[in-house]
Amino acid sequence: MRSRAATLPAVLLIVAGLIAVLHGTLHAYTVYPAKHLYDITKDFLQPSDITIGKDHQIYVLDGVNNCVKCFDAQGRYLFAFGVKGTQKGEFNSPLGIASDKAGRIYVADTQNHRVQIFTPGGEWLQSVDVVSAKGEKPSDPTDVAIDESKQQMYVVDNDNHHVLVFSLPGYKQIASWATEGDQRNQLQYPFFIAVGIDSSVFVVDVINTRVQVYKPTGDVVGTIGGWGVDLGQFYRPKGICIDPDNQIFVSDSYLGAIQVFNRYGNLKGVIGDEKGDVLKWKTPVGIAVDDRGRLYVVDMIANQVNVYELIGKKINKP
Amino acid sequence: MLRIAYYLLMLLSILICTPCAATEQSVNVPRESDTAKKCAICHYRWVYTFFVEHKSTPIARLEESKDTVGETKMCLSCHDGSVRDSRNKICNTPSHKSGVIPSDRVTIPPNFPLSDKGALLCSTCHTPHSGLTAGESLVTTFKREPNINSSFCIRCHTKNLGGLAQGNHPLNVSVDHPPEAIIKAGGRFGTDKPNEVICETCHMAHGGAGDKRLVLPVRDSHAQSILCEACHTKKPKKPNDPETNRYAHPVDIRPDSSVQIPEAWSSGEKVVLSVQGELVCFTCHRTHNAADKDFLLNEQAGEDGLCVRCHKNQSKVLQSTHDLRLSQHPQKSPIDVPSARSGPCGTCHAVHTGKAPFMWARQLPSAATCFEGYCKSCHAPGQCAEKAVPRNSAHPAAKAASVNTAGLPLFNDSCEESSQGKVACMTCHNVHNPSPVTAVTETGKKGQYLRLGEGGQGALCQSCHADQNFIKGTPHDMSIASPGYRNALGKAPAQSGLCGSCHLVHGAILKEYMWGAPVGTDVPKEWLKAEKPSRNIMVSLCTGCHEKEGIGAKHVPRFGLHPGAFYSRVSEIANKRLKLNICLFTPSGGTSPMGGIVCSTCHNPHQWDGKKKERGTGLAEGTITTSFLRPDLPQLFCTICHGTEAMFKYLYFHNRPARVEKKEQFPFGDLQ
């Protein structure tokens with residue numbers, strides 16, 4: 001009896017040792033295969049973000065060129081709007097773009113410190129000034145998201161490390177979330193933002209290398225990801241989008257990968273090709289998923305948008 | 001037994017686990033995760049997974065972790081707008097070079113890191129680790145060292161220093177008025193002196209125009225050289241801008257067919273033109289590492305020169321007497337550079353400070369029109385070429401050409417070349433080509449500097465006066481008729497050329513017809529029937545030779561002139577009845593319907609056979625169809641006044657016995 005009692009810890013120790021040795025050399029993970037459909041190139045200069053509007057029209061924010069370029073559902077160029085300037089319909093290095101159910105286009109006109117709203121055809125509708133608080137840096141709106149169910153518009157103020165909440169339809173600022181830092185409800189250079197099916201708000205917290213998740217009330221739900229270069233970690237998280245199944249896609253512009261998480265922040269997998277190899281981009285930033293299961297990836301340095309069809313089945317990699 | 005097995009298993013487990021622990025202790029990396037992150041957020045290779053665990057992950061390859069900290073992609077990962085938006089500066093040209101190995105004109109200080117392959121990185125110049133010093137207040141861009149008045153630039157670009165002595169644009173000099181255009185475009189001036197020119201006056205590290213990242217363009221299709229012109233405002237000539245339409249070398253124009261722009265200069269550097277192929281300042285000038293250190297030119301001006309690289313048609317001025325370097329003439333160029341230094345062109349042409357068209361360096365004589373003023377600014381008493389003042393010109397000048405000049409240049413009143421212009425010295429002379437060369441001396445090739453000079457003597461005259469060229473090979477061609485003949489300048493036909501036996505552009509005896517041959521009397525005594533006209537120069541031009549002692553003694557007419565040649569009756573008839581293009585001459589040699597009948601009325605001294613526009617065939621004896629007679633003379637002239645009887649009068653007019661004795665067939669059978 002005594003010998004049996006001595007054997008069990010020994011076996012456990014051996015197993016633990018083997019796990020320790022094998023840890024780090026084995027990565028079991030899931031690949032979400034995506035079939036490449038087509039690329040969009042249209043004289044882009046470091047495009048940053050993308051949104052899919054009505055009739056699956058594709059709006060690419062070509063911010064260095066200070067314009068939005070619109071393409072049809074097959075990626076054929078339709079029109080562009082915007083030039084450099086400060087007047088209505090003009091831009092100054094815009095970074096983020098979003099759309100609502102009516103197809104209206106919202107542009108975070110970053111260095112003009114405002115959000116501009118356009119019809120699906122690119123006609124100017126309205127400007128919403130993004131004003132920073134007294135003592136803060138000039139506002140630096142880098143992205144915008146709309147939650148029509150909660151009648152709220154969220155604007156990321158990058159330089160001041162806030163998420164600003166505007167009520168709809170009046171576009172009146174009603175709240176400011178977060179302060180600068182790396183703790184809970186703190187942000188360090190938040191960049192892109194997305195709203196989930198359940199109205200959760202996902203903020204890409206770049207320097208904190210995480211996605212911070214808020215309730216629409218401003219309460220922090222939790223975080224997704226963390227510092228590192230392994231699966232489930234981020235080095236430069238940038239783009240974010242939510243698919244109809246409430247899965248969260250996050251691009252990492254330095255690692256060049258797009259990872260998929262569930263609403264609880266658990267890693268579901270990584271986007272790969274049809275063979276199950278991990279897909280890598282040069283600098284994936286803004287991303288979008290539409291209701292047809294198409295994934296749109298803005299590759300900033302490559303000056304193009306890559307369009308994929310997400311294949312339902314998943315490939316488990318040892 | 002079991003106890004032994006237990007201890008063996010324990011030992012095995014410890015041995016298996018030991019390597020990991022040993023590795024972690026040996027690298028001595030910060031274990032507090034956030035501290036490590038603050039470094040590894042840029043130092044990608046220091047990420048724990050790579051640096052400690054030496055492993056890859058499904059989304060990050062270990063081998064890709066090397067040498068990335070200062071690369072563009074790393075910098076862009078924050079400067080893509082997610083922290084700062086520097087996309088345009090980092091990604092788009094023009095931007096300071098990165099990813100390339102520095103040229104030998106650049107000296108990289110030891111504390112300026114390069115990539116493992118020796119290439120420039122963003123981090124070669126920038127680092128977040130060096131705090132700004134108090135002295136640097138102008139820029140806050142995490143430069144590796146303070147940048148005081150472009151001191152940062154010259155840490156590497158050492159060969160762009162030294163000013164003109166090193167062939168570089170001067171630095172640290174003051175300009176009187178800092179151009180607003182440069183400041184507005186982002187150019188900066190230094191602070192050690194008022195309006196001090198520094199590297200960043202013209203250049204910017206990120207942005208600007210062209211691969212040199214200039215604050216204003218120098219090759220833009222619409223504003224070619226505005227950076228240069230911002231300071232050097234009074235130098236260039238812009239043809240379409242009256243404010244700058246000076247007598248300077250033109251820019252902003254495409255070179256025409258008269259110049260040949262080389263592909264590259266002697267240094268191998270490509271010749272710079274604007275995007276549209278137009279001349280710009282940088283076509284000739286080079287602000288750094290210039291071959292010519294005085295004027296920052298792409299070629300040595302003092303040698304055969306930059307000018308003739310393009311102006312090849314003018315290159316024959318080299319080693320000619322117009323190449324003042326050879327004569328060591330003390331004449332200085334307008335920019336106070338001796339001729340030996342200003343090159344073959346600079347003595348006469350001031351590229352940016354001309355006083356007249358053609359960038360003429362000299363003051364045109366006030367009394368002279370520009371039609372001859374260019375030449376007289378040197379070839380005149382008291383001027384540098386006073387020993388080579390040409391004899392007075394008898395050729396019409398400053399007048400519209402009465403003949404087709406066949407491509408010879410004419411000049412308008414502004415002395416600009418114009419097809420509707422007037423005759424000037426430069427119509428006949430090419431000051432850049434001594435041809436035909438008459439002598440080779442220590443001071444260069446001497447010559448007549450005639451256009452078409454290579455075509456032989458007379459080629460220039462024939463260009464405009466083609467019909468007179470038929471004189472060649474006739475008894476009036478002195479080279480065959482009388483090689484020993486000397487014109488008024490004492491030159492034999494071989495020296496004077498085909499036309500020069502009788503006509504002299506410079507040094508003529510008579511202005512009329514630029515006459516340079518002997519001038520005879522009005523009524524030679526050999527004439528049997530002396531006509532006594534009023535003095536008419538057209539008679540004496542012929543009798544100079546065609547008299548008893550002259551070289552034309554064999555062809556002295558027995559009967560001199562048409563009877564009553566100068567009676568008003570003749571003129572009246574000629575005027576009222578003939579209305580034909582008959583050569584009646586005034587006493588001064590002009591043609592007029594009221595003129596008289598002289599030798600040239602019936603004779604064209606330049607064409608042996610009036611019916612054949614061709615050169616002569618030698619010294620044949622004349623007939624009544626040759627003998628320099630004008631064509632259709634009987635029909636047009638004689639018979640109108642004299643009826644058919646005129647044929648006999650015409651036949652025996654000058655030399656009845658000879659014609660009778662020779663029994664020449666009368667050519668006008670229908671009138672006989």
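How many cavities of 30 Å³ or more does the structure hold? In this predicted model, the structure holds 2 of them.

Two hairpins of chain A were examined. One is formed by S20(A) and S21(A), with 5 residues between the strands. Strand S20 spans residues 237-242, and strand S21 covers residues 248-252. The two pair in the antiparallel sense, over 4 bridges. Across this pairing, A:Cys241 has A:Phe249 of S21(A) as its bridge partner. In the turn, A:Asn246 has a positive phi of about 65 degrees. S20(A) is mostly covered, as 6 of its 6 residues are buried.

Strand S12 runs over residues 162-167, and strand S13 over residues 172-177. Their pairing is antiparallel and includes 5 bridges.

The spaces within the structure come next. The second largest cavity has a volume of about 50 Å³. Residues of both chains line this cavity. From chain A come A:Lys238, A:Ser253, A:Tyr254, A:Thr283, A:Val285 and A:Met300. Chain B supplies B:Lys73, B:Leu76, B:Ser77 and B:Asp80. By type, the lining divides into 4 nonpolar, 3 polar and 3 charged residues.

Is B:Asp80 buried or exposed? Its relative accessible area is 2%, so B:Asp80 counts as buried. The side chain of B:Asp80 makes a polar contact of 2.6 Å with that of B:Ser82. Neighbours within four places in sequence aside, B:Asp80 touches residues of both chains. Its contacts in chain A are A:Leu95, A:Phe191, A:Lys238, A:Ser253, A:Val285 and A:Met300. In chain B they are B:Asp85 and B:Arg87.

The second largest pocket has a volume of about 1100 Å³. Its lining comprises 40 residues. Nearest the centre lie A:Ile52, A:Ser99, A:Val195, A:Ile242 and A:Val289. Several strands of chain A each supply at least two residues of this lining. They are S2 (49-52), S6 (96-99), S10 (141-147), S16 (190-195), S20 (237-242) and S24 (284-289). S10(A) gives the most, with 5 residues. The lining divides into 19 nonpolar, 10 polar and 11 charged residues.

Further backbone features were found in loops. Most residues other than glycine have a negative phi, and most peptide bonds are trans. A:Asp43 is not a glycine, yet has a positive phi of about 50 degrees. A:Asp43 lies in the loop between strand S1 (29-40) and S2 of chain A. With a relative accessibility of 66%, A:Asp43 counts as exposed. A:Thr209 likewise is not a glycine and has a positive phi, of about 45 degrees. Its loop runs between strand S17 (201-205) and strand S18 (210-214) of chain A. Whereas A:Asp43 is exposed, A:Thr209 is buried, at 0% relative accessibility.

Chain B also has a cis peptide bond, which joins B:Ser435 and B:Pro436. Here omega is about -10 degrees. B:Pro436 is in the loop between helix H16 (425-428) and strand S3 (437-441) of chain B. Elsewhere in this chain, helix H19 spans residues 493-500. Its buried residues are B:Pro493, B:Ser496, B:Gly497, B:Leu498 and B:Gly500. Their cover includes helix H17 (459-464) and helix H18 (478-481) of chain B.

Notes
Residues are numbered from 1 along each chain as its sequence is written. Chains are lettered from A and ligands numbered from 1 in the order in which they are written. This is a predicted model: local features need pLDDT of at least 70, side-chain atom pairs count only at pLDDT 80 or more; totals for chains, interfaces and linings use all residues. Side-chain values use heavy atoms; hydrogens and water are left out. On a 1 Å grid over the protein atoms alone, a cavity is a set of points where a 1.4 Å probe fits but cannot get out, and a pocket is an open set with protein on both sides within 12 Å along at least five of seven lines; lining residues have an atom within 4 Å of a point. Grid points are joined across faces, edges and corners, and a volume is the space filled by probe spheres set on the points. Ala, Val, Leu, Ile, Met, Phe, Trp, Tyr, Cys and Pro count as nonpolar, Asp, Glu, Lys and Arg as charged, and the others, Gly among them, as polar. Buried means under 20% relative accessible area, exposed over 50%, partly exposed in between (1.4 Å probe, protein chains only). Contact means heavy atoms within 4.5 Å. A polar contact is a pair of N or O atoms within 3.5 Å; within protein, one must be able to donate a hydrogen and the other to accept it, and residues adjacent in sequence count only if both atoms are side-chain atoms. Two strands pair if DSSP finds at least two bridges between them.
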